Amino acid sequence: MGMDRLPPPTTSFRTRRIIHVDFDYFFAQCEEIRRPELHDRPVVVCVFSGRTEDSGVVSTANYIARKFGVKSGIPIKVAKSRLAAVSRAVFMRLDIDYYRQVSEFAMSIMQLYADKFESVGIDECYLDVSDSTDDFEMTKILAQQIKEDVRKQLNLTCSIGVASNKTLAKIASDITKPDGLTVIEPNNAVKYITNMEVDKIPGIGPKTRDSLHELGIATIGDLAKSDLFMLIEHFGKKTATYIYNAANGVDDDPVIESDQTHTIMRIATLKSSATSSAEMNEDLYMLCRSIFNKASQKKISFRTVGVLLILNNLDRISRSRSLKVHSSNFDSLQSVAKSLLDEAMKEGGSIKVRRLGVVLSDLQNTTGQNTIFDFMNWTG
Ligand code: DGT
Ligand code: CA
Ligand code: CA
């Protein structure tokens, strides 16, 4: 026995390791996942307002369409004219229920890598992996594994940022897109971000950016060197402190397991691949039980029931059905899930199922308060 030692002074002690994941061109990529033939064509996901055939806005577009200047928020008419010369461009209607299923599935994969997991909206999440990694090198390898896993299981690409806090991790995930991985080491962090525009800091939108510009603050470095009290006068204490700290590479906001549940999902790997619905009866029952217990425990009722089949070749089939009203009844959950599975197997032909999942969405607290995405209210 030697002398007592102090804990090592550097990274493994106290410095957190945070991963931020942002799915690439998410809604459009979801469309590519279920229609792989779209992969080399411009894909535009639209929110049709219904006034005239083409009125509405673009929700998002894949990177091929972006080359032609098509992006979130522009009118569908403008997008169509920008792609007029491109014969193979595809315009699709938003299918948020399906995107939410893809999201939940991806999140459920990534959650397994995290000590603490927080999802933010439909296409982003934070993982705190400080306990399960020793250093940033190891965290980078973990991030590569996450990308690989999500790509293999879902055919989904994402961009990942690794850093010592949430703000830096989010800045990092935005640096290389799509399919990127960027690590900002804590020792280099301040230098790394110093020449970036202030609006690279998450939360600084056009309004705050313009106000900062008027104050002569254009880069993150300018902001880091500015006077906090002056900032407080202009932006209020909360915003000022946040942006000032962020510019200095500081953010103590913890990764918090979000208890706002959008979807409840359970997936099981079958003991052996199944070719008929009957072979999965028992698994389906157990999944329904488990998911039902979770819903009851959280005092949540559901309106939409879904099943997800992942095949031996990693193809996926999903089916969902909405009930007329919210329910918290086990029998209706089970019978809907069963008939969805029967349907999927019948239509699937000679498929081999490897993993089976059950999903509840359109959730409501039994208090009557909605827990669905704000997204649902988006009109663009
Ligand atoms: P990215 O991350 O740059 O590869 O592309 P996205 O499409 O994933 O963009 P992001 O992360 O800002 O937004 C995630 C999803 O949110 C996106 O796929 C569609 C939706 N979205 C984003 N902006 C808008 C918008 O202005 N209007 C509507 N309706 N939906 C939007
Ligand atoms: Ca995204
Ligand atoms: Ca995003």
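Analyst: A residue counts as near a molecule if one of its heavy atoms lies within 4 Å of it. Of the 18 residues around ligand 1, Y25, T60, Y63, R66 and K177 come nearest. You're looking at a predicted model, where local features need pLDDT of at least 70, side-chain atom pairs count only at pLDDT 80 or more, and totals for chains, interfaces and linings use all residues. Residues are numbered from 1 along each chain as its sequence is written, chains are lettered from A and ligands numbered from 1 in the order in which they are written, and side-chain values use heavy atoms, with hydrogens and water left out.

User: Which parts of the chain supply the shell around ligand 1?

Analyst: β1, α1 (26-34), β3 (56-61) and α2 (63-66) each give at least two residues. Helices (H or I, at least four residues) and strands (E, at least two) are DSSP runs, numbered from the N terminus. By type, the shell holds 8 nonpolar, 5 polar and 5 charged residues.

User: What makes an atom pair between F26 and ligand 1 a polar contact?

Analyst: The pair must be N or O atoms within 3.5 Å. An oxygen of ligand 1 sits 2.9 Å from a polar backbone atom of F26, so the pair passes. F27 also has a backbone N or O atom 3.0 Å from a ligand 1 oxygen, and D22 has a side-chain N or O atom 3.2 Å from one. Taken alone, ligand 1 exposes 590 Å², and the protein buries 78% of that.

User: How do you know which protein atoms are donors of the calcium ion (ligand 2)?

Analyst: Donors are N, O and S atoms within 2.8 Å of the metal, or 3.2 Å for Na, K and Ca. D22 (OD), F23 (O) and D123 (OD) lie 2.1 to 2.2 Å from this ion, so they qualify as donors.

User: Why is the site of the calcium ion (ligand 2) called octahedral?

Analyst: Six donors count as octahedral if opposite ones are over 155 degrees apart and all others between 65 and 115. This site has 6 donor atoms with angles of 81 to 172°, and it comes out octahedral. For comparison, ideal octahedral angles are 90 or 180 degrees.

User: What are the protein donors of the calcium ion (ligand 3)?

Analyst: They are D22 (OD), D123 (OD) and E124 (OE), at 2.3 to 2.6 Å. Along the chain they're spaced D-x100-D-E. D22 in strand β1 and E124 in strand β6 are 102 residues apart, and this pair links distant parts of the chain. The two calcium ions, ligand 3 and ligand 2, are 3.6 Å apart, and D22 coordinates both.

User: Why is D22 called buried?

Analyst: Buried means under 20% relative accessible area, exposed means over 50%, and partly exposed is in between (1.4 Å probe, protein chains only). D22 has 11%, so it's buried. E124 has 14%, so E124 is buried too.

User: How do you know that H20 counts as buried?

Analyst: Its relative accessibility is 0%, so H20 counts as buried. H20 lies in strand β1.

User: What makes α1 mostly covered?

Analyst: Of its 9 residues, 8 are buried. Among them are F26, F27, C30 and I33.

How values were computed:
Tetrahedral: all angles 85-135°; square planar, octahedral: opposite > 155°, others 65-115°. Polar contact = N/O pair within 3.5 Å; in protein donor to acceptor, adjacent residues only side chain to side chain. Areas by Shrake-Rupley, 256 points an atom, 1.4 Å probe, with all protein chains shown as cover. Nonpolar A, V, L, I, M, F, W, Y, C, P; charged D, E, K, R; others polar.
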